[in-house]
Structures are given as C-alpha cells and as structure tokens.
Amino acid sequence: MTTARALVLEAPRTLVARDLALPEIGDDDALLRVEACGLCGTDHEEYTGQLFPGYAFVPGHESVGVVEAVGGAAARRWNVRTGQRVAVEVFLSCGVCAACRAGTYRRCERHGLRDMYGFVPVDRAPGLWGGYAQFQYLAPDSLLLPVPDSLDSVTATMFNPLGAGIRWAVTVPDLQPGAVVAILGPGVRGLSAAAAAREAGAGFVMVTGLGARDAERLALARDFGADLAVDIGTDDPVRALRDATGGSADIVVDVTAKAPAALGQAVLLARAGGTIVLAGTRGTPETPGFDPDLVVYKELRILGALGVDADAYRAALDLLATGKYPFAELPRRVVDLDGVDALVRAMAGEGDAPPVHGVVVPR
Ligand SMILES: [Zn+2]
Ligand SMILES: [Zn+2]
C-alpha cells in the first residue's frame, strides 16, 4: 500500500475523498493505522464553517489505532513498538519550552493551536494530519497513550470525552469526596463528567438537559453515576437539587453547547463559595439570566477549561478498561469514510437525530 484514503474538508460542507501518499518514516516519527476516530462538537463546527480553521485539511482529532511503522528514536521516546495500539493526543508538545515544562503543553510555544491533529492544512507534508483517514502521520512531537488490550478501538475513542469529563469535573474544580456536583448538559461529555465525579467520590451528582432532544441522554445518566437527572424544560433544577440534597452545588460543570442561559443557571445552582467550570461554548456573548452580583455575593470561582491533558487521558483509558460504566454500550453511530458526511451533518443538528456518540472507522 502506497497511499491512504482520506477525507479532506476543502471548504465548509465539502468533504472530498482523496488518496494521499503514505510518508517515508524516519528515525523520529511514525505512522498510525487508524482503527477508529471519535467525533465531537468541533467536528461539525468546522464542517459547517462555524469554526474557521485554514481549509483544506483532514479532520479528526480523537484517533485510536495501531502503530504501523515507527522509527528507532521515536519508539524509544514513546516506549511503543510496531503493532501496538495507541490513542493520539490532539496537541503536539516540544517538551522543552516553558509551557511544556510546566505541563501546560496546550500552549506549547513551538506548536500550540497551530499544529493540532485534525486542523493542520493538507498541503503541509505529509498531509495525513487527521483521523478521517486510513492512516495518520505521527510527527516527532506527538503524545501517544497506550490503549489497554481489553478495550476495543471504538470504545477506546472515549478516551477523549471521558478525559475531558475527568479534567473538567474533577481536576480543574479540585473535587473533594462528598461534593455535590451539578452537570449542565447530558451529552457524551456530560455523561463522562458524571461518571468521573462519581468515581472521584462525589456525594451527589445531578445532570440537566432540555426537552425531547435530551430525553434519551437524561435516561442514561443514572447508568453513568448520576443520582438525579432533570429536564429543565419541566423542572426547576435549583429546586430539584435542593429537594434532593437540602442545598446547592459545591461544583457546577457546564458542558452545554449553544445554551446561553447555562451560565445564569450555574450561578443559581452554585452554593456560596462554590466553583463553576465553564467548558461548553455558547457561540454568543449573550448570557440571559446571568446575574453578576450573585458571583460577588456568593464569592463564586468561575474557571474556564479548554481541552484535556495526557494525565486525564490515561485515567480515562484506565477507567474505560474497568468496564464499570457502560461506555461500550453508549448509543453510538459508527460509520466508514463514506458515511462521515451524513454523520457529521446529523451531529450538527441537520437531518437524522444526532447519536450520543459518533465514531468513524476508516475503510
Ligand atoms: Zn474533539
Ligand atoms: Zn513546547
């Protein structure tokens, strides 16, 4: 095989199949045979053009696959061998700049947001910079995470959303055992945050959603560690939480998408001295119902969280391997490269109902 089939997003809503030449692998890099690539909100935002990366590029940044070829120096640095299954961190890390040495490699001075997998222009050699392809290039500064043998590749793509759940619900707010946690948004990241909070010893976990669109997800929340699931279209979440716990939330995690009222709700749900983690994006500066004075009176901490890190990914893969939560059975749509276009459109809310989890198995 000398070429790999890949999907190139050439312009908004224009995913084109191309055969890209497989690169020569040197001492310091590697090639991944992609077995599965998870989709998140970013995928449909770049597809519709709501996000404006530099087209054209091979999307896909939640890749799991098998090391097809690896150079000697790279194998030693990553501690991987040919045939090993790994998950790929979306960011590259030079390992030597101040940001990398401080552990905040998302702001790596050499790579940063420019070199994220799934966003690099296809005209930068070797072009295979994303997971919507049979093979993905692994550049020297990649971060690879070993995937436990017991996990299938499709379930293993949950390393990304579950890693996010762990970082946003546990690490960033410094969740303490017994904490009352409210999670706004019952999508794959909300369910992941619920499981992560439960696993970290939360005393009570509530998940909220809105209306018929979220009904299936709210019904799943208990299986993922939630004590209470609330449809805010019919129930007041502040009252529901008070009825169930006698109080308010120590931690509120907002993983909603396009829900401008979520911040106002988070402020109402948080107890005095509580912490709010903003990890969802609204796509608008409007925040209906947000009362800044309450942030003052309650002395709230509002923390932004963007992305995940390798520690959270490792913890996610370990938790997935335990099989404790039914991530393998999550309602999920798995498609080959020919099915990506319809899947991404469904996840953008156009056409078919969006699955809780979408995965590409490139063929
Ligand atoms: Zn993503
Ligand atoms: Zn760096």
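Let's start at the zinc ion (ligand 2), whose site is tetrahedral, with angles of 104 to 118 degrees among its four donor atoms. Donors here are N, O and S atoms within 2.8 Å of the metal (3.2 Å for Na, K and Ca); water is not among the atoms, so sites may look incomplete. Before going on, please note that this is a predicted model, in which local features need pLDDT of at least 70 and side-chain atom pairs count only at pLDDT 80 or more, while totals for chains, interfaces and linings use all residues. Residues are numbered from 1 along each chain as its sequence is written, chains are lettered from A and ligands numbered from 1 in the order in which they are written, and side-chain values use heavy atoms, with hydrogens and water left out.

Which residues hold the zinc ion (ligand 2)? Its protein donors are the SG atoms of Cys 94, Cys 97, Cys 100 and Cys 108, at 2.3 to 2.4 Å from the ion. Along the chain these donors follow the spacing C-x2-C-x2-C-x7-C. Cys 97 and Cys 100 are both buried, where buried means under 20% relative accessible area, exposed over 50%, and partly exposed in between (1.4 Å probe, protein chains only). Cys 100 counts as buried because its relative accessibility is 11%.

Cys 40 sits in the loop between strand E3 (30-39) and H1, and His 61 in the loop between H1 and strand E4 (63-70), so the pair ties together parts that are 21 residues apart in sequence. Helices (H or I, at least four residues) and strands (E, at least two) are DSSP runs, numbered from the N terminus. Both Cys 40 and His 61 are buried.

With these cysteines in view, how many disulfides are there? The count is zero, taking a disulfide as a pair of cysteine sulfur atoms within 2.5 Å. For Cys 37, the nearest cysteine sulfur is that of Cys 40, 9.2 Å away. Cys 37 counts as buried because its relative accessibility is 0%.

A cis peptide bond, with omega about 0 degrees, joins Ala 125 and Pro 126; Pro 126 lies in the loop between helix H3 (98-101) and strand E6 (135-138). Arg 13 is not a glycine, yet has a positive phi of about 65 degrees. Arg 13 belongs to the loop between strand E1 (3-11) and strand E2 (14-21) and is partly exposed, with a relative accessible area of 40%. Asp 174, also not a glycine, has a positive phi of about 55 degrees, and lies in the loop between helix H5 (159-171) and strand E8 (180-184).

Methods:
Four donors count as tetrahedral if all angles lie between 85 and 135 degrees; four count as square planar and six as octahedral if opposite donors are over 155 degrees apart and all others between 65 and 115; anything else is irregular.
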